[in-house]
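Have the viewer open beside you while you read.

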Amino acid sequence: MSEIEQKVKEIERLASEQIGRADGLEKLNELRVSFLGKKGSLTQVLKAMKDVAPEDRPKVGKWVNDARAAIEARMEESKAALEEQLMAARLKAEAIDVTLPARKPSAGHRHPNSIALDEVERIFIGMGYEVIEGPEIEYDEYNFTKLNIPANHPAKDEQDTFYINNEILLRTQTSPVQARIMEQGKLPIRMISPGRVFRSDEVDATHSPSFHQVEGLVIDKGITFADLKGTLDVFAKELFGPETKTKFRPHHFPFTEPSAEMDVSCFKCGGKGCRFCKGSGWIEILGCGMVHPHVLEMCGLDPQEYGGFAFGVGLERIALLKYEIDDMRLLYENDVRFLRQFS
Ligand code: DAH
């Protein structure tokens, strides 16, 4: 056997052995380059052809071609086997156990505050009210002055809040929306305005520095206290059930005259007195009154011609009462074990 033939056989043997040990497609590619590539060992043999006697050249060419064919076949074989292995591993890794119970997508649900607000909105929209939003960052002017709470009024102390500068603050109540709407002068007005309000209160079971109110305002010709009572009585019955009775106690708010607080008969004991209503049979629920003539004037309306009523209710208070929750903090902590109960 000539030296060249021996060399070609040796290359083929080496290639076959290394291909057999290749553990991946990349390795296989490397081997293809190192044996069959332009600078590969088999190609080197052909390049040495010039030193071979012309009559021997066809023979050498055949050896090289046979070896190339054998190596290529070996590579194809190995490639197919490796690909099969790869697919098997992937199928195993990505196997789906169709017998497993399905994982349900966990959909969220409304917060008790939102449920309560939807309920309040439903009731008032049903009576022809519009829902209007006002800004949470408000001018002192709207939050206080235009509501008949001048600069040195003691009521300002009760609602101490977060001032941004001397004129701008986080609103302490939704009542400034009343002034904003009246100023627009589109009459008559029948609106509620829900939203977030802020007070510099310490957090406890019944207080939070940020909570929600729903404001209500009706302005038209010939509105009386009877309209106020009738409307809020319907509201209470819709919210707490048809047996609910309402009671109005005189109160004071600077922007209404006369002013009142409305109590509802305890929906737990029906008014007999229980732990829930602290034995009184009544539960305080909102503030209300006839819009003060001075407020009407400051907002550009003629009190001789127009009048109306307003009310303000704490949204959390309604949620707490409706769901018999005894601590307001639960509404803000976002503990899913608590919130899940409202799905
Ligand atoms: N703004 C009042 C408060 O935060 C609540 C209120 C009382 C609103 C009487 C009204 C009203 O519109 O007529 O305490």
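Which residues have the most contacts inside the largest nonpolar core? Before answering, I noted that this is a predicted model. I then listed Leu-232, Phe-235, Met-262, Leu-286, Cys-288, Phe-311 and Ile-318, in a core of 44 residues.

**Entry: the cores**

I picked Leu-232 and set aside its neighbours within four places in sequence. Leu-232 is then in contact with Thr-246, Phe-248, Met-262, Leu-286, Cys-288 and Phe-311. I jotted down a general reminder here: in soluble globular proteins, nonpolar side chains tend to be buried together.

**Entry: the sheet**

Next I traced the strand order. Seven strands form an open sheet, S1-S4-S5-S9-S8-S7-S6, and the pairing is mixed.

S1 pairs with S4 in the parallel sense, over two bridges, and Glu-130 stands opposite Met-191 in S4. Strand S4 (residues 189-198) is also joined to S5 by 10 bridges, and these two run antiparallel. There I marked Pro-194, which stands opposite Val-214 in S5.

How many residues of strand S5 are buried? I got 10 of the 11 in residues 210-220, so S5 is largely enclosed by the rest of the structure. S5 is joined to strand S9 (residues 307-314) by eight bridges, running antiparallel, with Glu-215 opposite Gly-312 in S9.

I then came in from S6. A hairpin of two residues links S6 to S7, and seven bridges join the two strands, which run antiparallel. His-251 has Ser-259 in S7 as its bridge partner. Strand S7 covers residues 256-265; eight of its 10 residues are buried, so the rest of the structure largely encloses it. S7 and strand S8 (residues 282-291) pair in the antiparallel sense over eight bridges, and Glu-261 has Gly-287 in S8 as its bridge partner.

**Entry: Thr-246**

I came back to Thr-246 as one of the contacts of Leu-232. Thr-246 sits in strand S6. Its side chain makes a polar contact of 2.6 Å with the side chain of Asp-233. Leaving aside neighbours within four places in sequence, I found Thr-246 in contact with Leu-232, Asp-233, Ala-236, Met-262, Asp-263, Val-264 and Trp-282.

**Entry: the ligand**

Which residues come nearest to the ligand? Of the 16 residues around it, I wrote down Gln-173, Ser-175, Arg-199, Gln-213 and Glu-215. Glu-215 is also the residue I had marked opposite Gly-312 in S9.

I then checked some distances to polar side-chain atoms:

- For Ser-175, a side-chain N or O atom is 2.9 Å from a nitrogen atom of the ligand.
- For Gln-178, a polar side-chain atom lies 3.0 Å from an oxygen atom of the ligand.
- For Gln-213, a side-chain N or O atom is 2.9 Å from an oxygen atom of the ligand.

How much of the ligand does the protein bury? Taken alone the ligand exposes 350 Å², and the protein buries 91% of that.

Key
Residues numbered from 1 in each chain as written. Predicted model: local features only at pLDDT ≥ 70, side-chain atom pairs only at ≥ 80, totals over all residues. Heavy atoms only, no water. Core = buried A, V, L, I, M, F, W, Y, C linked by side-chain atoms within 4.5 Å. Buried < 20%, exposed > 50% of the residue type's maximum accessible area, 1.4 Å probe, protein only. Contact = heavy atoms within 4.5 Å. Helix = DSSP H or I, 4+ residues; strand = E, 2+ residues; numbered from the N terminus. Pairing = 2+ DSSP bridges. Near = heavy atom within 4 Å. Polar contact = N/O pair within 3.5 Å; in protein donor to acceptor, adjacent residues only side chain to side chain. Areas by Shrake-Rupley, 256 points an atom, 1.4 Å probe, with all protein chains shown as cover.
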